[in-house]
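Me: I have a structure open and would like to learn how to read its features. Could you take me through it step by step?

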Amino acid sequence: MSRLRSILAIARTTVIEQIRNRLYLVILFFGGLVLVAAALLGALAPGHRTRVIFDLGLVTLELFGLATAIFGAVSLVLQETESKTIYLILTRPVGRSTYILGRFLGLVVAVACTMAAMALFHVAVLMWDMEYFREFTAGWSFARIYPMLLLMSMGKMLITAAIALFFSLFATSQVSALVFTSSFWIAGHFGPEMKFLIDRGTAAGPSKALIKSVAALLPNFQYFNFRDMFQLPGFSGWSFTGTAAVYCLGYTGFFLVLSTLWFSRKEF
Amino acid sequence: MRGSSRSSSTRSAVALLAVCALLIGWADERLSKAMTWRFPAVNELVVTENYLTDVGCLLIGAHRLAADVAYVQFLQYYGLSEHVAEDEAAEKAEVGPHVDGPPPGMSPDEYIKILRTHDKSSGIYPRMLELSTRILRLDPFFNGVILEAAGALAFNQKRIDESLGLLREAIVRDPSYFRYHLYVSSILYKQKGNDTGMIDLLLEAIKYPDCPPMFEMILGNLLKKVGRPLDAAHVFLHTYQTAHKDYEKSDALRRLKLVCAQNPAVARQIGAELPAN
């Protein structure tokens, strides 16, 4: 119980720190700016105006959420280690795993707040012209699908934040941790291509084994890419969300345990 | 003492890692079976000067957005400037005694037809097939745009083989979208000069809200040609009321007014619905 209280206290401090962070505010501001730009781009595609605003808005939301998550995760422990303020916490009766979990939870809440704020703005931009909006949403339920798309983007954020936290623990600088995490993010979107190479590709022997092991290590972010798939014929999104949540928790848990394991052995 | 607690925490961490790995394996197995990836692979993309934009979007898993950007670029290539020029010229022709209006003895209808043929001769847009295939390969489910491009190729550019090729690939990539077949049939009727067959299919096609206004215009013209001006007027009126692009609205209105001017009976029947401007 006291451990849970410690985790929540650290998480609370992290959320406050993140929201006070100038970088966080800049990211939020630019997210809003891009959403407004989406409306301008939409005007260039008269027949599919709302679709363009919808798609660009969702991608913006995800990218700016990702930026918040990566920058936040990378600077969480690294900054405190460099400024030695980490001693103030670790000299108290707080376990290292408690510290990592609290930090991570706080970061996730801060990212969720960013995404929720941008989502509200996005919906307002979408609904600006109700006639176009109604036409765009004919045949599918916006109220049912939109939260699902946000949840899936959030799933990507969780995994990415856990990976970023893990890299930040052994990286020598924020830049290298950023590069490692971004590479994971990009490679994670090529899951189907890797599966294709394994199943039907001409690669054999060691190269096939290498591709298989890389594919097993990398999270497949296309499982969360509902914003590209929600209108495909026969796609029933909500039936996959449970399994996708298990996948997300599995990966997040895996990298968090690795981070705690690494952090508990770290000498300061 | 400290060493034993550390090894026990390591053991529990390893056990947790194993549980997570099992969860990942189980969920991955289920998701890969349930979700078949239906977007073309990166090596199938059409290589244009915007290839880096396309790949950049795919790197962040944004197929739909990549197709949206490609569509905007397609419109910039085909569309606005030519249509505006065409509208202005056609309006001048319709208004009547203008410096560069129709020459004496030529009806406004004939004049518009000549302008259109001149403006949209094949070869003005040599990259139309390439740019529409680019959209198709980025998002094969952007059906309305594929229909628009195929229609423009077949009916405006008279490049029927290219249009049928585009639709054939679209059908392979999204077989469930049956309207592609409808459009293929109507293009084939056009090729054979079978106006009645084409009218029946287009009447079916325009029932759907995603039918491009261009098809409605073609249908309206055909109805006029086969002596059904009232039906033509209804089609033009519908296009005027539902089209989003200004040039499509004004084109529909112009054609509607022309039909009404040429057929007083139609004007009487449709008069109440005729827009004031």
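**Reading the two chains**

Reply: Let's begin with the fold pattern: along its sequence, chain B runs α-α-α-α-α-α-α-α-α-α-α-α-α-α. Bear in mind that this is a predicted model, where local features need pLDDT of at least 70 and side-chain atom pairs count only at pLDDT 80 or more, while totals for chains, interfaces and linings use all residues. Residues are numbered from 1 along each chain as its sequence is written, and chains are lettered from A and ligands numbered from 1 in the order in which they are written.

Me: How many helices and strands does chain B have?

Reply: Helices (H or I, at least four residues) and strands (E, at least two) are DSSP runs, numbered from the N terminus. Chain B has 14 helices and zero strands. In chain A there are twelve helices and, again, zero strands.

Me: What does the radius of gyration tell me about chain A?

Reply: The radius is taken over C-alpha atoms, and the globule rule is 2.2 Å times the number of residues to the power 0.38. For 268 residues a compact globule would come out near 18 Å, and the 20 Å of chain A agrees with that. The C-alpha trace of chain A spans about 60 × 50 × 35 Å along its principal axes.

Me: And how do I read burial and contacts?

Reply: A residue is buried if 20 or more other C-beta atoms lie within 10 Å of its own, exposed if 12 or fewer, and partly exposed in between, with C-beta atoms placed from the backbone. By that count, 42% of the 268 residues of chain A are buried, and 37% of the 277 residues of chain B. Two residues are in contact if their C-beta atoms, placed from the backbone, lie within 7 Å. Take the contacts between residues at least 6 apart in sequence: in chain A, 81% of them join residues at least 24 apart.

Me: Which residues of α13(B) are buried?

Reply: They are E248(B), D251(B), A252(B), R255(B), L256(B), L258(B), V259(B) and C260(B). The helix α13(B) has 17 residues and reaches 24 Å from its first C-alpha to its last, close to the 24 Å expected.

Me: Last one: how many residues does each chain bring to the contact between them?

Reply: Chain B brings 35 residues and chain A brings 43. On the side of chain B that touches chain A, the largest share, 14 residues, comes from α1(B).

Note on methods
The expected span of a helix is 1.5 Å times one less than its number of residues.
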